[in-house]
Amino acid sequence: MSGSNSTVRLAPAAAILRHTVLLVSGALVLVPFVWMVSLSLKPPGEIFRASFSFWPAEFHGVENYTNALTEAPLPRYMANGLIVCALILVLQILICVPCAYALAKLRFPGRDLLFGMVLVGLLLPHQVLSLPLFILGYQLGILNTYAALVFPYVVSPFGIFLFRQFFKTIPDDVVHAARLDGLSELAIVWKIMLPIALPALIAFSIFSVVGHWNDLFWPLIAVRDQSLMPPPLGIMAFKNEEAGSDYGTLMAASTLVVAPLLIAFLAAQKWFLEGMTGGAVK
Amino acid sequence: MSEPLAHSSVSDKRSRTGGVRTFPSPTASPARRRASTEALAAWTLAGPAVFFLFVLFFLPGIGVFVIALTDWQFGARSLSFVGFANFGEVFADAGFRASLVNTITYVLIIVPGTVVLGLLIALLIESGRSLRAFYRAIHFLPFMATLTAMAVAWEALLHPTIGLVNLTLVAIGLPTANWLGDENTALPVLAVIGIWQNLGYAMVLFLAGLKSIPQDLYDAADVDGADIWLDRLRTVTLPMLGPVSMFVVIVVAVRAFESFDTVKVLTQGGPGHASEALLYTLYRESFEYLHAGYGAAIAVVFLAIVVTLTLVQARVVDRKVHYQ
């Protein structure tokens, strides 16, 4: 698909107008990123002297980024984010994919009811459930551990829904052939269906990791120890601690937290757009 | 007599389950045995998901309603049912009412801002061929970026004395403001950040909508003499984008209702109650003041709003697409 539906070759004037408007709006959108990076390279004195210049008169980037990596335990926050996102994603896949396969390819009493449950789950904003989930975490004695950060998300109604929709498009013959080859249902799920559903797997993984890397609400409730904080909570804690006195380091820390996802996005735009919009964009 | 009866009951079952198997089965029992093995396999595969859906979604969902009917406070050893007293208290509380009004105001700024800007940018990108991916990527960046970290960057931009915004205003001779510290500007500024974050998302959805408009319609419009870009826009593009627009409006509205990070990081709801938003009030009452019953009542109100919006969306989408 070239997607050239509404494309007519634009008159030069119109083309110039198009580029001008998009460059200006694009530049405006980028201002917070640019300002963040700029401050992360400046020494405190220069930040408080307040100038328009992007590039620092005295380069202080090394100090700011070193501070961010040592004073604010940023490597710790990032490692926590990585561990939590990975645990959530692996558990979600292990739990959601077999269920999605059953919903898409098997006939059993209660299937419609189960799918209805998934749709209702899809409807519930997670923040609404935070109080009972907090109590549950307390009862299980897992608050203020990695488990507290992970457990509310081990099943994803959206994941089940997405994989079910994809599995539905796979012909039944594929499943029948696998059964004739003597594969168990579980083997069919992991060895046949999931590899075919790789696009759905990638889209869902991006959706999940981006969502949980960026989440502030639940970690704020679930953990208190600095050593367990994922990046957004860590940034907030560092900001409160510093009380605005060390802007350069705070900006360096923010830059480092934002960078991995933005770089991954720029490297694999198409996948990210698909994942972040729930498959609405191909 | 028993033979045809058995057959009819099997075919009944088949037609109820969708009637996919069209071959006549000579004997009923192997088919039934296959059906029961299939059911067993299905429930085994779905079992973990069913268990966790129940424990992590349905019990908490019921739990929040139950807690909302009690006067329970975290840590308290006893509680009693107080009926709908919490809801009465919630709506009588000036703080909550401010929070509700703020959130609605916030949504009413973010939704039109995001939808109009997202649509304009999508139309501009799609109107030419060059640099499409580049423009799309730039405008989508804020949606990917960790909002907590970007809120910190916005705070620096909006700083009363050393922020770029006020520096610029001074340079061109306009009055400055203490954007986040003034009760007249705090909420609109948070809304602008919300627009900044979501417009790329709206843009991407609109781009997908634009791609799905059949070329025939443009050809027909050309025959009818709609050769100017604006004519095509008015006669074909905008009418065809109707359903997508509705979808974008609802999705952005739900996201706006759920905004929390910027409030928590930048204003803590202040000054006064000027930028207090529902989810922040819910968080503070539940987890800082430990008013569990009161917090749960807010959660129920919040749920009612979001579910209503989502159901409206499901109806709209259902008219366009059927999940099969």
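The legends below describe several close-up views of a predicted model. Residues are numbered from 1 along each chain as its sequence is written, and chains are lettered from A in the order in which they are written. Local features need pLDDT of at least 70 and side-chain atom pairs count only at pLDDT 80 or more, while totals for chains, interfaces and linings use all residues.

**View 1. Confidence along chain A.** The pLDDT, which is the predictor's confidence in each residue from 0 to 100, averages 89 in chain A. A score of at least 70 is reached by 94% of the residues of chain A. Residues 1–7 of chain A have a pLDDT below 50, and this stretch has 15 contacts in the model beyond near neighbours in sequence. Two residues are in contact if their C-beta atoms, placed from the backbone, lie within 7 Å.

**View 2. The two domains of chain A.** Domain 1 spans 2–64 and domain 2 spans 66–278 of chain A, with bounds from an automatic or database domain assignment. Their centres, taken over C-alpha atoms, are 32 Å apart. Contacts join twelve residues of domain 1 to ten residues of domain 2. On the domain 1 side, helix 1 (12–40) of chain A gives the most, with four residues. Helices (H or I, at least four residues) are DSSP runs, numbered from the N terminus.

**View 3. The interface between chain A and chain B.** Here 81 residues of chain A are in contact with 83 residues of chain B. Helix 1 supplies the largest share of the chain A side, 13 residues. That side comprises 64 nonpolar, 13 polar and four charged residues. Ala, Val, Leu, Ile, Met, Phe, Trp, Tyr, Cys and Pro count as nonpolar, Asp, Glu, Lys and Arg as charged, and the others, Gly among them, as polar.

**View 4. The largest nonpolar core.** This core has 174 residues, and Cys99(A), Ala100(A), Phe163(A), Ala253(A), Phe206(B) and Ile298(B) have the most contacts inside it. Helix 8 (residues 186–211) of chain B gives the most to this core, with 17 residues. A nonpolar core is a set of buried Ala, Val, Leu, Ile, Met, Phe, Trp, Tyr and Cys residues joined through C-beta atoms within 7 Å. A residue is buried if 20 or more other C-beta atoms, placed from the backbone, lie within 10 Å of its own. Leaving aside neighbours within four places in sequence, Ala100(A) is in contact with Ile160(A), Phe163(A), Arg164(A) and Phe167(A).

**View 5. The helices of chain B.** Chain B has 14 helices and zero strands; a strand is a DSSP run (E) of at least two residues. Of its 324 residues, 42% count as buried.

Conventions:
A residue is buried if 20 or more other C-beta atoms lie within 10 Å of its own, exposed if 12 or fewer, and partly exposed in between; C-beta atoms are placed from the backbone.
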